[in-house]
Amino acid sequence: MQCPQCQHENSEAAKFCEECGTKLIRACPSCGQEVSPRAKFCPACGTSLTRQLPASQTLDSSLQTLDSVDPKLCLWLTSRQTK
Ligand SMILES: [Zn+2]
Ligand SMILES: [Zn+2]
């Protein structure tokens with residue numbers, strides 16, 4: 001498992017980097033499942049892990065934001081594809 005901080009290659013079982021001590025295991029913000037630092041989605045619940053949301057921002061509020069943006073984006077993409 002590669003350290004996201006210093007790129008040191010650690011053993012797969014390592015929970016902390018042997019080189020710099022960075023924690024290599026992340027917890028899913030949604031279900032608490034331990035995931036690798038390079039995982040893009042939680043293997044347990046499918047939550048996207050590519051964006052680190054601030055602790056104050058809940059998943060619900062980000063979904064509401066997406067809701068208000070998505071319809072316009074979809075229309076825009078559709079109109080581009082038909083041209
Ligand atoms: Zn490291
Ligand atoms: Zn999860």
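**Close-up views of a predicted protein chain**

**View 1. Overall layout of the predicted model.** From the N terminus on, the elements of the protein chain run β-β-α. That gives one helix and two strands. Helices (H or I, at least four residues) and strands (E, at least two) are DSSP runs, numbered from the N terminus. Residues are numbered from 1 along each chain as its sequence is written, and chains are lettered from A and ligands numbered from 1 in the order in which they are written. This is a predicted model: local features need pLDDT of at least 70, side-chain atom pairs count only at pLDDT 80 or more, and totals for chains, interfaces and linings use all residues.

**View 2. Confidence along the chain.** pLDDT is the predictor's confidence in each residue, from 0 to 100. Its mean over the protein chain is 80. Of the residues, 75% reach 70 or more. Among the elements, strand β2 (residues 34–35) has the highest mean pLDDT, 88. Helix α1 (residues 59–82) has the lowest, 67.

View 3. The protein chain has 83 residues, and 7% of them count as buried. A residue is buried if 20 or more other C-beta atoms lie within 10 Å of its own, exposed if 12 or fewer, and partly exposed in between; C-beta atoms are placed from the backbone. Two residues are in contact if their C-beta atoms, placed from the backbone, lie within 7 Å. Take the contacts with a separation of 6 or more: residues 24 or more positions apart account for 6% of them.

**View 4. C6 and its partners.** C6 sits in the segment before β1. Not counting residues up to four places away in sequence, C6 touches C17, E19 and C20. C6 and E19 are 13 residues apart along the chain, with their C-alpha atoms separated by 7.6 Å. C6 counts as exposed because 12 other C-beta atoms lie within 10 Å.

**View 5. Q7 and its backbone angle.** Q7 is not a glycine, yet has a positive phi of about 65°. Q7 lies in the segment before β1. Q7 has 10 C-beta neighbours inside 10 Å, so Q7 counts as exposed.

View 6. E9 is placed in the segment before β1. E9 and E19 are ten residues apart along the chain. Their C-alpha atoms are separated by 8.9 Å. E9 is exposed, since 11 other C-beta atoms lie within 10 Å.

View 7. G21 is found in the segment before β1 (26–27). G21 is exposed: 11 other C-beta atoms lie within 10 Å.

**View 8. C31 in the loop between the strands.** C31 lies between β1 and β2, in the loop. Leaving aside neighbours within four places in sequence, C31 is in contact with C42, A44 and C45. C31 and A44 are 13 residues apart in sequence and, C-alpha to C-alpha, 7.8 Å apart in space. C31 counts as exposed because C31 has 12 C-beta neighbours inside 10 Å.
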